Amino acid sequence: MNEVLTHAEIHSRFDSEWVLVENPEVNEQMEVVRGKVVCHSKDRDEVYRKAVELRLKHSAFLYTGTISKDTVIVL
């Protein structure tokens, strides 16, 4: 994939998937506004492995699904 997609386009094309975005453009709140999708999958580990393989200088991970309220996120 070589086209730059907006946040809304990424969510509509890759529903409930993990997405690796190269050179993401972010807003003041550090939310991804647009970027180039280089990998997407329902399997988070597959996307993480691809990120390690590509060794991108600037990237972001997005999850386009819904995260349940009882999920704990560790950064």
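This is a predicted model: local features need pLDDT of at least 70, side-chain atom pairs count only at pLDDT 80 or more; totals for chains, interfaces and linings use all residues.
Two strands count as paired here if DSSP finds at least two bridges between them.

Start with the hairpin: strand 2 and strand 3 form it, with five residues between them. In that turn sits Met30, with a positive phi of about 65°. Strand 3 also pairs with strand 1, again in the antiparallel sense. Here's how the two pairings look:

| Pair | Sense | Bridges | Example of facing residues |
|---|---|---|---|
| Strand 1 (residues 4–6) and strand 3 (residues 32–41) | antiparallel | three | Thr6 and Arg34 |
| Strand 2 (residues 18–26) and strand 3 | antiparallel | seven | Val21 and Val37 |

Zooming out, the protein chain has two helices and four strands, laid out along the sequence as β-α-β-β-α-β. Of the contacts with a separation of 6 or more, 61% link residues 24 or more positions apart.

What about overall size? The C-alpha trace spans about 35 × 30 × 25 Å along its principal axes. Buried residues make up 24% of the 75.

One surface feature to look at is a nonpolar patch formed by Ile67, Ile73 and Leu75, with about 400 Å² of accessible area together. Leu75 lies in the segment after strand 4 (59–63).

Key:
Residues are numbered from 1 along each chain as its sequence is written. Side-chain values use heavy atoms; hydrogens and water are left out. Patches are made of residues with over 30% relative accessible area and no salt bridge: like charges are joined within 9 Å, nonpolar side chains (Val, Leu, Ile, Met, Phe, Trp, Tyr) within 5 Å. Accessible areas come from the Shrake-Rupley method with a 1.4 Å probe; for residues, only the protein chains shown count as cover. A salt bridge is a side-chain nitrogen of Lys or Arg within 4 Å of a carboxyl oxygen of Asp or Glu. Buried means under 20% relative accessible area, exposed over 50%, partly exposed in between (1.4 Å probe, protein chains only). Contact means heavy atoms within 4.5 Å.
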